[in-house]
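The overall picture comes first, followed by one residue in its surroundings.

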Amino acid sequence: MSAAIPELRQFDEAELDRVFARLEADAAAQARMLTGGESLEAFRLQWLGRKQGLLGQLSAAWLKSAPTEAKPSLGVRFNRLKAQIESLLEESRQQDQAGSQASGLDVTLPGAAPRVGAEHPLVKTMAEIVGVFQRMGYSVGLGPEVETDFYNFEALNFPPNHPARDTQDTLVIAGQERKPLRERLLMRTHTSPVQIRSMLEQAPPLRLVIPGKVHRNDAADATHSPVFHQVEGLCVDTQITFSDLKGTLDHAMKALFGSAVKTRFFPSFFPFTEPSADVQISCIFCGGKGCRKCKHSGWIELLGCGMVDPAVFEAVNQRRSELGREPVYDTRKISGFAFGMGVDRIAMMKYGIGDIGLLYSGDLRFLEQFA
Ligand code: DAH
């Protein structure tokens with residue numbers, strides 16, 4: 001699309017009339033040919049473009065060579081032509097819009113059936129667990145998957161070089177050797193760092209569940225995946241005891257697996273709880289009689305828990321002070337419990353999934369079964 005540049009032989013009114021009429025007719029003819037979007041923009045650039053636009057070029061050339069007395073008339077004509085082209089553009093734009101609206105309104109076309117997705121079994125299970133605690137008055141907390149060494153380990157009472165760190169090997173972000181250890185970034189190995197983040201932001205009392213994705217340097221097999229999910233819990237107040245922990249988790253397991261389920265607590269170790277326990281539930285497959293699923297013990301181990309270690313409250317208070325916040329986690333006045341469970345294992349038990357890898361395969365033949 002291009003317009004011919006008319007020749008202007010002299011600057012008398014008759015010649016100017018002739019030449020500007022030609023330009024206007026050219027523009028109008030072109031405007032009638034426009035087919036929307038890109039062609040509108042090309043038309044605009046061709047006539048009104050700041051650098052290459054015809055109007056700009058012609059007025060520069062003609063005004064320069066015009067005798068002084070012809071200049072006002074030339075100026076008026078250029079202004080008028082510019083307004084005409086602008087209104088041609090506006091008209092074409094409106095027609096273009098009306099056209100596309102009309103075709104969008106074709107009621108005779110068959111409807112587009114929306115493809116309804118299904119919730120992933122992990123998301124579903126995570127929401128179910130979170131729901132059980134929300135009904136007990138817990139709120140939901142979230143934290144980052146890329147975490148610092150401080151939140152993932154140090155503040156949770158895993159000192160640098162402590163062997164407890166070996167149980168949670170992970171991927172670290174490259175190129176951070178120049179930073180102090182506590183500031184170095186890694187993929188979080190558990191949701192427990194969000195306990196610390198929450199206590200820095202909020203004063204007690206606190207009741208929180210924290211669902212999320214975690215990472216470990218674990219070789220993949222039928223029960224291990226380097227990416228998996230946890231739900232963390234934290235309850236801090238005055239006079240929180242181990243009985244509160246037992247009652248809360250016993251209720252949660254019954255809500256999740258049925259009221260016939262029993263729980264038992266075994267001594268265990270986590271750096272951030274003291275005392276710590278592992279919680280087992282009576283086997284949901286055999287009711288506790290013993291079967292292949294529970295390795296004939298009648299029990300299935302499901303989560304870790306314990307009373308928040310005073311060293312954790314101390315780390316929180318110290319960091320709060322550094323941030324100019326009151327160190328309100330006074331270990332003489334408050335206590336708390338915490339727990340953490342693996343969502344993948346619970347989902348696999350609930351849905352009879354034999355291989356954790358299926359949860360991350362994105363295989364529709366698997367996922368469609370949950371629709
Ligand atoms: N963070 C622990 C893990 O990933 C799980 C856990 C155990 C969380 C005990 C807790 C807890 O809050 O009290 O192995």
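## Burial and surface

The model shown here is predicted. The chain has 371 residues, and 42% of them count as buried.

## Fold and overall extent

Eleven helices and nine strands make up the secondary structure of the chain. The chain is more spread out than a compact globule, because its radius of gyration is 36 Å, well over the 21 Å that the globule rule gives for 371 residues. Along the principal axes, the C-alpha atoms fill a box of roughly 105 × 55 × 35 Å.

Among contacts in the chain with a separation of 6 or more, 66% are between residues 24 or more positions apart.

Helix α6 covers residues 149-152, and N152 lies in it. Is N152 buried or exposed? N152 has a relative accessible area of 0%, and buried means under 20%, so N152 is buried.

Leaving aside neighbours within four places in sequence, N152 is in contact with E147, F158, L186, R188, T189, H190 and P193. For N152 and P180, the separation is 28 residues in sequence and 15 Å in space, taken from C-alpha to C-alpha.

How values were computed
Residues numbered from 1 in each chain as written. Predicted model: local features only at pLDDT ≥ 70, side-chain atom pairs only at ≥ 80, totals over all residues. Heavy atoms only, no water. Helix = DSSP H or I, 4+ residues; strand = E, 2+ residues; numbered from the N terminus. Rg over C-alpha atoms; globule rule 2.2 N^0.38 Å. Buried < 20%, exposed > 50% of the residue type's maximum accessible area, 1.4 Å probe, protein only. Contact = heavy atoms within 4.5 Å.
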